[in-house]
Amino acid sequence: MKFTLNWLKEHLETEASLDEVVEALTRVGLEVEGVENPGEKLAAFRVARVLTAERHPQADKLQVLTVDTGEGAPLQVVCGAPNARAGLVGVLGLPGAVVPANGMQLKIAAVRGVESNGMMCSTRELELGDDHEGIIELPADAPIGTSYPDYAGLNDAVIDVSITPNRQDCMGVRGIARDLAAAGLGTLKPLAVDPVPASGAGPEVRIEAPDGCPAYFGQTVSGVTNGASPGWMQRRLKAIGQRPISALVDITNYVMIDLGRPLHVYDKAKLSGALVVRKARAGEQVLALNEKTYTLDETVTVIADENGVHDIGGIMGGEDTGVSATTTDVVIECAFFDPDHIARTGQKLALTSDARSRFERGVDPAFLEDGIAIAARYVVDLCGGSASEVTRAGNLPHVGIVTGYDPVLAETLGGLAIPVERQKAILESLGFRVEPLDANGDPTDLSAFDALRVTAPSWRRDVDGPADLVEEVIRIEGIDKVPPTPLDRVPGVARPTATPEQKLERKLRRTAAARGLSEAVTWSFISEAEAAPFGGGAWSLANPISEDMKVMRPSLLPGLLAAAERNLKRGASGVRLFEIGRRYLADKERLTLGVVLAGDRSARGWQGGKAQLFGAFDAKAEALALLEAAGAPVANLQVMGEAGEVYHPGQSATLRLGPKTVLASFGMVHPSVLKAFDLDGDVAAVEIYLDALPTKRGSGFMRPAYTPPALQAVTRDFAFLVPADLAAGDLVRTVKGADKAVIVDARLFDIFTGTGVPEGQKSLAVEITLQPGEKSFTDAELKAVADKVVAAAAKLGATLRG
């Protein structure tokens, strides 16, 4: 929301400086995003008169001007504008001035051999418009030598304020002035409402969709002349970034920004029959004022006549009934549109406008009468014509929520004790009606009140309870006045507050970082295209930020793959990313850890030669290390099956605790998924399902003391011939369990196929670690353990290689 300081002072009687206004705005909750004075960049430009204009001796299209700057001797200026002539009053840029349009600094220079001491400027060069056909022409009585910004009224600071969605009343300059007046920065001026004399029946209006538009006021003004709007109006609109179009259009824009009241004007000659507020018919189309055609459905509220739709109600008018220079009769629309309908329609059509931003917040429904009277007054005063009576269709919604309020809440809820008289004054200055009541609920004065009955003004639909009134009182009184108060704490040593889940996340983050992984934080929302390779999303947003952020992610991998793609395309040779977050499945959201390994695992070098890429076993190593850090019984995990369609067949698997409990999936990502994310080369990935981890049993705060074995461990090697399709992990797990009393570890140290190994088989060499207890093993005991190992392996079809 932008406005100028002088515009604000049209509503606020104040002597406050710009700095004081800016400080007060932030103090009352209207955050100032920027302040700019458009006149500052034009400070070096002066009003000047052309005394003589002679043809340039070396160029037919140039003239040599003698220019009076109001001080000292006239200056010689070379100019190519076709309208440059003796007697013209324009704008001169002196040497040292910087031309806003191109950043060029003016200096004394020779132009085709003739010295030029500045430049006569066009509106485009000063960024005041698009006209570049000639230099600016000012009235003959413009004061020569005056700073052009001072003459043109451009030294008016533009303030840009961020309005929160609940403050619809501050979507107009007057609403902001009301807040500043309540904050003690001045006095709110009375709003001048001067209805024009009216005669004759107003336009015929019918409401057939009261849920979308409960009330519609219309008034005809005949015999208008739609020329340019007055200079003061154009300057204010230009200052805030609005392009002046014509008097009628500028009036609607000005009233909308000035008073927060959107309006629309129709060219009456282009209408046929009554104006009807109705629902669109499926497939109906309208060419809007932004020159785009929109296809509508039955949920959209429109303004139509016998010929069809002319207006997307409350959002944007239609091109076919817009006013033009030939317009002589107009219909002014001042309506109230339901905020929810406006928001849904705008989202559905992906159509934004200044009117929508106000209607979907909720404009003042009680301002229709004054709004159309002010608009008609501007039209008649600036464009002429005579007005009809006002047509009033529909019923205004109920306004003015009544709330019981205890002034003590300012201290108990807001943290600041404020006298009841001051609270009453604050609320009344904001437009609330405050009535003191006695114990029986009858009106009384503040000296004997028991409670306050507060009625919200019609422009404050966001206020619906005592807490909102406390907010109003505290922000105006000054939130900086709220004293800092420490929270009560339990005596003694503070107890840990982290939950087991939070502790697990912290531990996994440290472990992943220690292993060289970089943490990524990606969006929980992804596009439908990104979700499709992962089976699509179970949940879609009804009101997404954009179509690329519409689906709640079913996996962490889409975000990580997209991050890997961005990093690789920006020159990273290898990417190791992890993220801890939630997947959003049909039944619930599940805590997950995702890892993506892409690019080079190790750079090329004299030891290894070419750069080494990541493989499925790198993903497995990360999965096992992170699961171990999470406290999972890694030694008991089984590597089983394929990891799903996201992964490459034969190069992926799951880690399970038993046949049903899947703790992790890992492997190489399927080429089709990589193609969807525009990734080249091989990419390994891991997903660890933290919600599936077995719950740790409570063991108290004390760990058992570590007691090292008294005797040295013994190792024995076994080489088995096994079927070629047998997983080595299954063999290791089986032989480790052959005698749990003495076998403490088993590991694979060799895989061999080739000479000496029958076809369809492979050789697996396993090292078994045996830990004696109270005495060393005898040969017989070692042989007995070896026999158990061989017997256990035989159950998997393994034979001892002899």
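Guide: Gladly! One cavity of 30 Å³ or more is found in this predicted model (a cavity is a set of points on a 1 Å grid over the protein atoms alone where a 1.4 Å probe fits but cannot get out). The volume of the largest cavity is about 40 Å³, counted as the space filled by probe spheres set on the points, which are joined across faces, edges and corners. Around the largest cavity stand Gly212, Val300, Thr301, Ile312, Gly313, Phe337, His341, Ile342 and Thr345, each with an atom within 4 Å of a point. Helix H7 (residues 339-349) gives the largest share of this lining, three residues; helices are DSSP runs of H or I with at least four residues, and strands runs of E with at least two, numbered from the N terminus.

Elsewhere, three strands make an open antiparallel sheet, ordered E1-E11-E3 (strands pair if DSSP finds at least two bridges between them). Strands E1 (2-4) and E3 (31-36) are at the edges with a single partner strand each, so one side of each lacks a neighbour in the sheet. E1 is joined to E11 (residues 158-162) by three bridges, and Phe3 faces Ile159 in E11.

Numbering starts from 1 along each chain as its sequence is written. Local features need pLDDT of at least 70, and side-chain atom pairs pLDDT 80 or more, while totals for chains, interfaces and linings use all residues, and side-chain values use heavy atoms, leaving out hydrogens and water.

Conventions. On a 1 Å grid over the protein atoms alone, a cavity is a set of points where a 1.4 Å probe fits but cannot get out, and a pocket is an open set with protein on both sides within 12 Å along at least five of seven lines; lining residues have an atom within 4 Å of a point.
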